[in-house]
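Visitor: Please pick one part of this model and take me through it closely, then tell me how the rest of the chain looks around it.

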Amino acid sequence: MSDFDYGTTQMTNWIELGEASEISPGDRKSYSIKGTEIAVFHVVDDLQLGKFYAVDDSCPHQGASLIAGEGSGTEVSCPLHDWSFDVATGECFDFPEFPLTRYELKVESGVLLLDASTIEEPDIPQNPFLVRYGSMGWVDQFSAEENAVYAHRERVILKTSRGEEVGEILSSVSMQENPVPSAGTILREFTPTDQQTLSRQEDVTAPVFQDCQKLIQERGMPSEIIDCEQLFDQQTVVLYYLGSRMPALEILAQELNANYPWRIIFHPVDETPAASGCSSGGCGCG
Ligand code: FES
């Protein structure tokens with residue numbers, strides 16, 4: 001069901017979640033819509049009137065589900081590290097710069113309807129290949145042009161959420177019962193000219209790595225920088241860290257970006273760019 005909302009001049013896409021009575025007053029339920037987990041809370045106010053709210057069921061800190069979170073009224077605390085949120089507004093009380101994404105919800109004839117117009121379809125890879133990339137050696141699926149063929153261990157230039165980087169083909173992916181989202185696109189094969197470009201690339205990682213380590217120590221931040229990588233595009237420098245995602249890293253990334261001519265981003269060592277989107281709160285990407 002789709003309609004046009006003349007009040008907001010935005011297309012809406014109302015989809016049925018199920019009977020509203022499936023969620024008791026004070027309870028909550030998770031739904032999977034186009035690959036996105038959404039938590040619906042049935043909140044009872046002081047006048048004992050029930051209202052439903054829908055937010056992303058993924059904490060902006062490190063992605064924990066909020067379904068098991070504690071709290072009363074419209075407030076819920078993340079079960080992992082206790083950040084608390086208002087599910088009516090999406091506000092994060094601890095770090096206002098990391099709100100929850102909210103979705104419009106309504107009840108018609110006892111049926112819960114959610115506006116899914118802002119939920120993006122996952123990018124399913126076309127002509128997919130498994131590719132190893134990044135200095136952490138991640139393996140993800142990438143789209144290639146139709147009929148493109150690459151050999152095992154062939155080097156390629158990739159377009160990822162971080163920039164342009166070099167990857168190594170492992171295999172094509174022919175049969176998939178449950179397609180996974182694409183981590184990016186294979187732009188082309190790696191050429192001798194690319195090798196010359198890499199050889200000429202000035203290594204800028206050492207000063208960035210040292211500066212960052214020094215600032216983290218001075219500030220007593222509970223993070224440890226374990227590696228630094230300059231991407232093939234010569235515009236992006238990635239700092240890999242151990243520790244929790246936090247706003248302080250976002251601030252540090254902004255400071256480093258003001259001091260260097262490259263885009264400097266933080267990336268947790270235990271999440272592939274495809275899983276984190278490299279744009280989640282606290283990693284400094286965006
Ligand atoms: S994952 Fe939610 S507060 Fe850490």
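**The β6–β9 pairing and beyond**

Guide: Start with strand β6 (residues 50-56), which is joined to β9 by two bridges, the two running antiparallel. Bear in mind that this is a predicted model, where local features need pLDDT of at least 70, side-chain atom pairs count only at pLDDT 80 or more, and totals for chains, interfaces and linings use all residues. Residue numbers run from 1 along each chain as its sequence is written. Strands here are DSSP runs of E, at least two residues, and helices are runs of H or I, at least four, all numbered from the N terminus; two strands pair if DSSP finds at least two bridges between them.

Within that pairing, V55 sits opposite R102 of β9.

Now the rest: the chain has 19 strands and four helices. Take α2 (residues 205-219): its buried residues (20 or more other C-beta atoms, placed from the backbone, within 10 Å of their own; exposed means 12 or fewer) are V208, C212 and I216. They fall within an arc of 60° down the axis, so they line one face of α2, the arc being that of the directions from the helix axis to the C-beta atoms. A206, Q210, K214, Q217 and E218 are exposed on the other side. Just after α2, G220 has a positive phi of about 65°. Across the chain's 286 residues, 29% are buried.
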